[in-house]
Amino acid sequence: MKKRVLCFGDSNTWGYRAEDGSRYDDDVRWTGILQRLLGEDYTVIEEGQNGRTTVWDDPVENRLAGLTYLWPCMESHYPFDLLVIMLGTNDTKVYFGVEAQSIADSAGRLVDLARKSAFGRNGKRPKVLLVSPIRMKETGVFAHAFGKQAVEKTKGFSEVFRATAEKFGCDFLDAAEFAEPCETDGVHLDETGHEKLAKAMAEKIREILD
């Protein structure tokens, strides 16, 4: 039986290409590379959306929060063995006005929701891997939306996200240990970043599920 991994994230899961706003091909996105690395014993399910936050609906970009969509998303893809949550970058936008700790707490709400569900294999609760997003750089076309304050917030992600994972008893991965954003916009992964993150994810997922 194939092991099913549901990857729930934002534009860095969707595969946003900073140079022109297009989408990287399947074999370039970290989810696609992850599928190749894990092999035929796994099914990787990609659920990324540009601009997705943890719990806040976006009044500017008119997008619903991850918390709003997570339950129907899990129900749609039931059953799965592992839920990978990588959100928080968009929460640092100026108009949300929330700090790193609050963002990690909000990610914790997603973890808690998943762990209280029965969408895992055989009606059990799924395992959860909480991923602390990459650190941002103050550069490029999105500086007006994020700016210096967002860069500083993402520097604190590793510590507070790790603590959140410990609080809820789920697995943890710090994406910033393996990848960084491109110079074009300081937010999104380039091809090299997708590859590095995929390799780290594959190793961690095998550790959890094998």
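1. First, a term we need: a polar contact is a pair of N or O atoms within 3.5 Å; within protein, one must be able to donate a hydrogen and the other to accept it, and residues adjacent in sequence count only if both atoms are side-chain atoms. Here is one case: a polar atom of the R4 side chain sits 2.5 Å from the backbone oxygen of P79.

2. A word on what you are looking at. This is a predicted model, where local features need pLDDT of at least 70, side-chain atom pairs count only at pLDDT 80 or more, and totals for chains, interfaces and linings use all residues. Residues are numbered from 1 along each chain as its sequence is written, and side-chain values use heavy atoms, with hydrogens and water left out.

3. Back to R4, which belongs to strand β1, residues 3–9. Helices (H or I, at least four residues) and strands (E, at least two) are DSSP runs, numbered from the N terminus. R4 has a relative accessible area of 22%, so it is partly exposed; buried means under 20% relative accessible area, exposed over 50%, and partly exposed in between (1.4 Å probe, protein chains only). Setting aside residues up to four places away in sequence, R4 touches T43, I45, H77, P79, F80, D81, L82 and R121, where contact means heavy atoms within 4.5 Å.

4. Now to T53, in the loop between β2 (42–48) and α3 (66–77). T53 counts as buried because its relative accessibility is 1%. A polar atom of the T53 side chain is 2.5 Å from the backbone oxygen of W56. Beyond the neighbours within four places in sequence, T53 has contacts with A65, G66, L87, N90, D91 and F96.

5. Which residues have the most contacts inside the largest nonpolar core? They are L6, M74, L83, I85, L130 and F161, in a core of 28 residues. By nonpolar core I mean a set of buried Ala, Val, Leu, Ile, Met, Phe, Trp, Tyr and Cys residues joined through side-chain atoms within 4.5 Å. At least two residues each come from β1, α3, β3 (82–86), α4 (100–115), β4 (127–132) and α6 (157–168), and α4 gives the largest share, with 7 residues. Apart from this core lies another, of 25 residues, including C7, L38, V84 and A198.

6. On cavities, the search of the whole structure turns up 2 of 30 Å³ or more. A cavity is a set of points on a 1 Å grid over the protein atoms alone where a 1.4 Å probe fits but cannot get out, and lining residues have an atom within 4 Å of a point. The largest cavity holds about 60 Å³ of space; grid points are joined across faces, edges and corners, and a volume is the space filled by probe spheres set on the points. Among the residues lining the largest cavity are D10, M86, P133 and L197.

7. K153, in helix α5 (residues 147–155), is buried at 7% relative accessibility and touches T92, G97, V98, E99 and A100, not counting residues up to four places away in sequence. V187 is in the loop between β5 (171–174) and α7 (191–209) and is buried, with a relative accessible area of 5%.

Key: On a 1 Å grid over the protein atoms alone, a cavity is a set of points where a 1.4 Å probe fits but cannot get out, and a pocket is an open set with protein on both sides within 12 Å along at least five of seven lines; lining residues have an atom within 4 Å of a point.
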